[in-house]
Amino acid sequence: MAPLPLGIRFITSFTTDQWYRTFTLILTFLLYTAYHLSRKPISIVKSALHMNCSLTNEVELYSYKEHLIQAKLLGKPFSNDTWCNWEPFDGSNYKQLLGALDYSFLCAYAIGMYLSGVIGERLSIRLYLTFGMLTSGLFTALFGLGYFYNIHNLQYYILIQVANGLVQTTGWPSVVTCIGNWFGKGKRGLIMGIWNSHTSVGNILGSLIAGYWVSSCWGMSFVVPGLIVALMGIICFFFLIEHPQDVKCTLNHARKSSKGLNGWNGFKQKCQLYKSSRSDSFIDPEQECFLKDSDDRNQAKSSGLLSSHVVVISTERRNAPAAISFFAALRIPGVVEFSLCLLFAKLVSYTFLFWLPMYLANKEHFDAKKAGDLSTLFDVGGIIGGILAGVISDYTKKRATTCGVMLLLAAPTLYIFSAIGYMSLKTIVVMLIVCGALVNGPYALITTAVSADLGTHKSLTGNSKALSTVTAIIDGTGSIGAALGPLLAGLISPTGWNNVFYMLMVADAFALLLLMRLVLRELHIKERMEDQTELKKH
């Protein structure tokens, strides 16, 4: 008999359960990548809605910068004839109007998020996501159709942004709940740190897609992402598996031989047996043993296994615990602190998301496409920061402390970025990556691993139905900051970009202060454990 090829041996080395988990991880990654891909175009197109026509000419960037310096020295402003604007963003208040577009989307997103988590707990995740992605694709495309149908009504664009903000709230609570169902606490920080890079990957792809058409036909910068989101919604409908029990998945981590289980009908996997601890009644999905029928409890007793060692869960989930209320979720220890911290952390992150291309175009005088391409480096740094925060928090077991250290380092980094005058391209690249890592690291950790930890807190006594509600509360509160950040940037930027950075540094400091109680508690627990260890030695 010929030996199996290496590729086939590699495929067969994984169990069915492992393939299901990997598939779910990749699919939810792609689904939320599509959500963020559709949010990025507005930040790229801003510079095209109010721009200097000379930037569309094929001229050297250095020559344009030299022209700007000469014009400034001579005190000659550009003629209005050189500006090609899209009405109604053609006035001197264009930054405030562009900020209103951001605010309308993000304010609707923040309000809708509080309701989305409660609704999502009571509906099918797959259907809820499908509806959200199809309608989000529609509204994203409608914004771009304003270009083709020559629509210059501000109310039209604001209405589209409000509607899109509301339907986009279907995404985050749903995908986090789905991942929480499939993955336990063991390496949650690392797994979710890698998985959460979908935010930055979506921003990068959205920037590249929007940047491709921004100078020639900015309407396509919205239509194409809208079609991609709608397509992913159809894929979600046909392929998303909400819970391991839906496919009778065992998530097997067997420690014991299955000899004593041979008589069990339909049970083909090894079962991990463990004793329930009084101090931690939460059932980790990685440690559950799913038995096909409720009568298997009696069979377990006859096989010499105590019923307290086996978790018996109905495959139809008819007796699942009821979803908790909004106020009950608020009483979970740590939810309020992390929610308020995320408010300020997300304020900083979303200000960069929506205004970084405009800043690079105005301050560093890049054209719209190059400013959009360079802004993706901030998201590259976000990927690095999210993974790094997850690894460190897994190793130290201190989520709050990890966030606190990164927030502490972010403030001086932002100051350095704003204090440097005209920077070389290499300096811009380095600063964008470093800022992205320090700003998005805490944001990524709080919205993923921390949310999942709190949604499965031991105070819930095993009720996993709280995960979507807790996730929505944390991200909804953060979204208030996400709405305020771009709005404040639009109001403050006319007074100088340095003032915008001062506002971001103050927000970063507030985020750190709100976490201090949890940080001190984590450090105090560590000191107490070390003291106990020393006493045992003596």
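User: Y147: what is its relative accessible area?
Analyst: Y147 comes to 24%, so it is partly exposed. The classes: buried is under 20% relative accessible area, exposed over 50%, partly exposed in between, with a 1.4 Å probe and protein chains only. This is a predicted model, where local features need pLDDT of at least 70, side-chain atom pairs count only at pLDDT 80 or more, and totals for chains, interfaces and linings use all residues. Residues are numbered from 1 along each chain as its sequence is written, and side-chain values use heavy atoms, leaving out hydrogens and water.

User: And W218, buried or exposed?
Analyst: W218 is buried, at 6%.

User: How many aromatic pairs are there?
Analyst: The count is 28. Rings of Phe, Tyr and Trp (its six-membered ring) pair if their centres lie within 6.5 Å; planes under 30 degrees apart are stacked, over 60 edge-to-face, the rest tilted.

User: Where do F105 and Y109 lie?
Analyst: Both are in helix α5 (residues 94–120), 4 residues apart, about one turn. Helices are DSSP runs of H or I, at least four residues, numbered from the N terminus. Both F105 and Y109 are buried.

User: What about the rings of Y147 and W218?
Analyst: Their centres are 5.2 Å apart and their planes at 65°, so the pair is edge-to-face. Y147 is in helix α6 (residues 125–148) and W218 in the loop between α10 (198–213) and α11 (220–239), so the pair ties together parts 71 residues apart in sequence.

User: Which cluster holds them?
Analyst: Ring pairs link W86, F89, F143, Y147, F148, Y156, Y157, W218 and F222.

Definitions and conventions
Helix = DSSP H or I, 4+ residues; strand = E, 2+ residues; numbered from the N terminus.
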